[in-house]
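My notes follow the display.

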Amino acid sequence: MEGMMMHRPLLVSTILDYAMKAHRKAGITSARTEGDVHSYSYPEAGARIAQLAHALQGMGITLGDRVATLAWNGYRHFELYYGISGIGAVCHTINPRLSAEQLIYIVNHAEDRVLFLDTTFVPIIAAVKEHLPEDMTYVIMTDRAHMPDTPFPALCYEELLDGQPTEITWPEFDENTACGLCYTSGTTGNPKGALYSHRSTVLHAFTIAISLRHSFGEGRAILPVVPLFHVNAWGLPYAAPLVGASLVMPGQALDGPSLFRLMDQEEVYSAWGVPTVWMGLLAEIKAQGRKPANFEDVVIGGSAAPRSMIETFETMGVSVGHAWGMTEMSPVGTHGCLPQWMNDLPFDEQITAKSKQGRRVYGVDLKIVDEDGTVLPNDGEAIGELYVRGNAVVSGYFRNEEASAKALDAEGWFGTGDVASIDPDGFLVIQDRAKDLIKSGGEWISSIDLENAAMSLPGIATCAAIGVPHPRWDERPVLVAVAAGDDRPTLDEVREHIAPHFAKWQLPDDVIWVESLPMTATGKVSKLNLRKQLADYQHPELRETA
Ligand code: ADP
């Protein structure tokens, strides 16, 4: 209508442009693959991003082309995020922990034209190169002095940038143009690509800056342990520059002592990652008898944050934001920061509230439905399959008609594959992934609940609950656990410890001790592989009768 607001496209380049001018003192500090720590401001990043964009254009990269990255969290990876998308190409982040077969599949499926890789990943590419597109250009993300020998022709990142103009006028195009691509790790079948648009990415950045506001703030340092190769490091590379926060990039050393050192040195205020990395950091905090200087906020997501972990952080004055989301949701869907009125609750009740997956962020609608698709009430009791809708939720999968056809329900909501309840305060509780629920005698047992309860036993470092076949009950729960020390609790002790929170028939029938649990490419326990490992395992009752 005449006389209305202007339409300015929501482009990723506008975030960089804004940070360079409005937050010129903030920037990025990175632990580099070269072994040192590198620091620069957003304006300095912007100059190099302009150089990269010119270099990409010189290579013939144009609107819609896919350019892949295989890299740790570092400033060059950040430059690629903005340089590639700034000229309208698509930044395809590849998870280096994928199997060779999956890697070959996604690079060919995406038809990547250029692949940027850290020196660390040369062997991965060398091993699969003959199966990748023949006309691919490889660029190693380092300077000439650190260029490794490669069994394939490769360019040097710093040489690519050298001599290019340090300024650029970012092109304007439709905000619905794709800017990023990330494949889900695909526990079954081939990985599926979530294609993010400029619009969805900018809106998601606004959303998390508003909803996870405890973490953000001008001048604060935020550390993404969550990789830039997995769902845009939960949006941090976009949201941090937007609010004038600095990013601290940990590179490849993600063990407790390395993280502690970096966080201490760089005065990291907020750190984001999956529960497994926090186990390492907490062990180091315990060993040193103190937390890293200035560390006050942690965002935990990707899989359920154990209650005991939340309690430990909160007790030492580190506020926990427990977040839930998916690759297909850019990824943040809900966050567990408490509403103001809950701050008056007793500590224990606050921990209970923070153990839930939290309230939805603006721009994400949630519904739970029963098997017939009937919407269930948000009364905290009803449990159903979780569906979502939103500005930053996929409407299908990249070049995958079959998977796209199954992604949405008749009303256009995306099926998450999670089973959940929602309480009257709007708190989501993820009971389980539908495929991980344990079915015993026609009733369901939440593996997440069992794991959470068992992990509060000091003798258990980590564990996974799975269903094993049982002739009478269909499945029965058993716990696969990693011991925290030499004193392993007995099955009876485990059952007794968790009994107050469960019906008797829900308690595990066995504890299987293992050295470690198999992990997925995204740092979660791989129940698929665990089930494979236990293929010959027999329920105790079957062993007795055999
Ligand atoms: P992949 O497992 O393939 O890497 P995602 O990273 O997108 O895929 O995983 C999304 C899934 O992870 C969700 O559907 C949910 O099952 C699980 N998840 C993520 N965050 C949480 C959380 N806070 N609590 C419980 N489950 C979670």
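The entries below go from the domains to the ligand, then to salt bridges and the backbone.

Ground rules. I am working on a predicted model, in which local features need pLDDT of at least 70 and side-chain atom pairs count only at pLDDT 80 or more, while totals for chains, interfaces and linings use all residues. Residues are numbered from 1 along each chain as its sequence is written, and side-chain values use heavy atoms, with hydrogens and water left out.

Domains. I looked up the domain assignment of the protein chain and noted domain 1 (12-422) and domain 2 (442-545); such bounds come from an automatic or database assignment. The centres of the two domains, taken over C-alpha atoms, are 31 Å apart.

Domain interface. I find 16 residues of domain 1 in contact with 12 residues of domain 2, contact meaning heavy atoms within 4.5 Å. The buried area between them is about 1,100 Å², with 63% from carbon and sulfur atoms; this is the accessible area (1.4 Å probe) that two parts lose on being put together, summed over both. I noted 5 residue pairs in polar contact across this interface, both residues at pLDDT 80 or more. A polar contact is a pair of N or O atoms within 3.5 Å; within protein, one must be able to donate a hydrogen and the other to accept it, and residues adjacent in sequence count only if both atoms are side-chain atoms. On the domain 1 side, helix 10 (275-288) and helix 11 (307-315) each supply at least two residues. Helices (H or I, at least four residues) and strands (E, at least two) are DSSP runs, numbered from the N terminus.

Ligand. I list 16 residues around the ligand, of which S185, A323, T327, D418 and K524 come nearest; the cut-off is a heavy atom within 4 Å. Oxygen atoms of the ligand lie 2.7 Å from a polar side-chain atom of D418, 2.9 Å from one of T522 and 3.0 Å from a side-chain N or O atom of R433.

Salt bridges. I count 25 in the whole structure, by the rule of a Lys or Arg side-chain nitrogen within 4 Å of an Asp or Glu carboxyl oxygen. One of them joins E158 and R48 at 2.9 Å, N to O. E158 is in helix 6 (residues 157-161) and R48 in helix 2 (residues 42-58), 110 residues apart. Across the domain interface I find 0.

Backbone. Most residues other than glycine have a negative phi, and most peptide bonds are trans. I noted a cis peptide bond from S330 to P331, with omega near 10°. P331 sits in the loop between strand 14 (319-325) and strand 15 (332-335). A233, not a glycine, has a positive phi of about 45°; A233 is in the loop between strand 10 (221-224) and helix 8 (236-243).
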